[in-house]
Amino acid sequence: MRTLHGLFRSILLVLLKKNRRWQQRKKHLSTETRNIFLTPLAVPRWLFVCFTLLAILVLLSSFQEMDFQQIAGYLVIILGFMILIGFYLYRYARHIFESNNDLIILQLVSILVIALAKIFNEIGLSGYLIPLGMVSILMTILVDIDLAILITVLLNILIAVIYHNDMNLFAVHLLGGLVGVFSASSIRQRSDLIRSGLFISLANALGIISFMALLQHTRADIVAYNALWGIINGFFCGVLSIGFLPYFEHMFGISSNIKLLELSDFNQPLLKRLMLEAPGTYHHSLLVGNLAQTAAGAVNANPLLARVGAYYHDIGKLAKPEYFIENQDDHNRHDDLSPSMSSLIVLSHVKEGVDLASQYKLSQDIIDIIEQHHGTSLVYFFYQKALEEEAEATKEQYRYPGPKPQSREAAIILLADAVEAASRTLDDPSYAHLQELVTRIINNKFIDGQLEECDLSLKDIHTIGEQFCHVLSGMFHNRVDYPK
Ligand SMILES: [Fe+2]
Ligand SMILES: [Fe+2]
């Protein structure tokens with residue numbers, strides 16, 4: 001019963017994530033309601049295993065009658081492979097093991113390629129046409145390079161079995177698939193996927209020629225015919241990857257490195273607006289980006305996501321840039337406002353940011369970072385001012401709505417944001433003073449409970465602090481006074 005409930009809730013969450021009206025309403029829910037209904041329950045991993053096993057067996061048996069021996073054979077092979085993958089993920093890549101999205105992507109691409117292999121085999125098409133390289137490329141870009149290598153090898157074995165233990169096919173696909181993985185790992189823009197496809201074509205052609213002509217003395221026309229299929233395969237892998245990638249990114253709210261690099265381009269409309277309309281915030285965001293990227297790299301978070309998330313974290317300030325200190329000139333607009341009105345304007349930049357990000361179709365990872373970059377922190381300055389003016393001001397009125405950071409990247413940006421803002425007030429930015437400031441800010445955020453919903457360990461938090469000091473000391477190091 002609990003399993004079904006978990007599964008139902010996870011499906012509901014995926015569906016609701018895409019609904020913009022729901023996204024608007026979600027912000028008005030209380031923290032308790034959010035915790036009850038919106039925290040995804042982990043779907044039991046054995047459900048993934050059963051579903052994949054069932055889907056692959058149905059696929060394999062739908063084209064031909066299989067006797068008990070064949071069914072048992074496939075069952076053992078597929079189950080064995082899944083146990084291997086499960087063991088690897090549990091032991092060495094726990095974040096993927098616990099991510100429903102990553103497992104669903106793994107399932108989808110595996111089932112797709114096995115279905116194609118079976119169909120091609122049934123209608124008599126060459127096995128060299130099966131786009132296994134597409135799986136290698138997509139898994140590398142969307143999930144993880146090590147898992148991409150493992151799944152390339154295991155799927156390849158299954159394809160060779162479907163094609164009656166064809167060793168040539170196995171060797172050529174292994175070569176093409178690994179070339180796909182390695183070429184996709186350094187991709188920086190979408191058009192590079194075509195280059196990956198061409199590398200796969202080349203690897204396929206060389207593999208087919210060497211295995212068939214040189215090792216088995218096959219007739220030249222048969223070798224040329226198969227090599228042609230291998231070349232077409234590479235081309236298809238590139239094109240299919242370009243076609244599928246945006247759908248996967250959108251469906252699962254994943255920011256692949258390609259997408260993140262596109263977003264980090266300073267010609268992006270939102271970053272351009274930030275540069276022109278809120279130059280102070282723009283500069284602050286770049287510094288937060290440097291801090292967050294360095295810290296993320298040191299604690300096994302995604303440095304690129306941290307940097308790009310930092311670039312966009314304060315875009316909500318575009319609605320009223322002149323009310324934020326970094327964009328103000330001599331006149332402080334808050335001097336004319338009551339503390340409660342000032343805090344309303346300051347607090348609203350989170351909601352404005354989320355709205356703007358949805359409007360400009362930023363990915364869900366970035367929207368989450370914008371929404372969580374202050375957690376439920378207190379706007380201390382206006383709260384203090386309010387206490388001086390009216391005794392009945394409550395802390396709750398002056399707190400950001402949250403939620404608290406849910407990911408390592410969002411937590412790092414929350415800390416980097418606070419540290420960067422405070423470092424500007426230092427008169428004497430010596431290393432000892434920077435260290436003292438960073439420690440004080442991180443401790444305050446920790447005591448305030450802002451880090452309790454992300455999975456940073458105390459050791460990670462300590463490392464993040466060290467990295468901040470290192471970057472800040474580099475930033476302040478060059479500021480020497482010129483002789484007058
Ligand atoms: Fe902010
Ligand atoms: Fe900020």
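Good morning. I begin with H164, which lies in the loop between α9 (145-162) and α10 (167-184); helices here are DSSP runs of H or I with at least four residues, strands are runs of E with at least two, and both are numbered from the N terminus. This is a predicted model, in which local features need pLDDT of at least 70 and side-chain atom pairs count only at pLDDT 80 or more, while totals for chains, interfaces and linings use all residues. Residues are numbered from 1 along each chain as its sequence is written, and chains are lettered from A and ligands numbered from 1 in the order in which they are written.

Is H164 buried or exposed? H164 counts as exposed because it has 9 C-beta neighbours inside 10 Å. The cut-offs are these: a residue is buried if 20 or more other C-beta atoms lie within 10 Å of its own, exposed if 12 or fewer, and partly exposed in between, with C-beta atoms placed from the backbone.

K361 also has a positive phi, near 55°, and is a residue other than glycine. K361 is found in the loop between α17 (339-359) and α18 (364-372). With 8 C-beta neighbours inside 10 Å, K361 counts as exposed. A further loop, between α19 (380-389) and α20 (408-423), holds P403, and the peptide bond from G402 to P403 is cis, with omega near 5°.

Let me turn to the chain as a whole. Its secondary structure comes to 22 helices and zero strands. Of its 484 residues, 38% count as buried. Among contacts with a separation of 6 or more, 75% join residues 24 or more positions apart; two residues are in contact if their C-beta atoms, placed from the backbone, lie within 7 Å.

Now to helix packing. Two packed helices are described by the angle between their axes and the distance between the axes. Axes are lines fitted to C-alpha atoms, for helices over the stretch in contact, and angles run from 0 to 180 degrees between N-to-C directions.

α10 and α11 (residues 192-216) pack at about 155°, with axes 8 Å apart. That angle makes α10 roughly antiparallel to α11, a term for angles over 145 degrees. Residues of α10 in this contact include A171, L175 and V179, and those of α11 include F199, A203 and F211. By class, the contact has eleven nonpolar, seven polar and one charged residues. Here Ala, Val, Leu, Ile, Met, Phe, Trp, Tyr, Cys and Pro count as nonpolar, Asp, Glu, Lys and Arg as charged, and the others, Gly among them, as polar.

The second pair is α4 (residues 45-61) and α5 (residues 68-92), at about 145° with axes 10 Å apart. Their contact has eleven nonpolar, three polar and one charged residues.

Which residues have the most contacts inside the largest nonpolar core? They are V135, L138, M139 and I159, in a core of 56 residues; such a core is a set of buried Ala, Val, Leu, Ile, Met, Phe, Trp, Tyr and Cys residues joined through C-beta atoms within 7 Å. Elements giving two or more residues to this core include α4, α5, α10 and α11. Leaving aside neighbours within four places in sequence, V135 is in contact with V109, V113, I151, T152 and L155. A second, separate core of 51 residues includes Y312, I315, Y400 and C454.

Note on methods
Angles under 35 degrees count as roughly parallel, over 145 as roughly antiparallel, 65 to 115 as roughly perpendicular and the rest as oblique.
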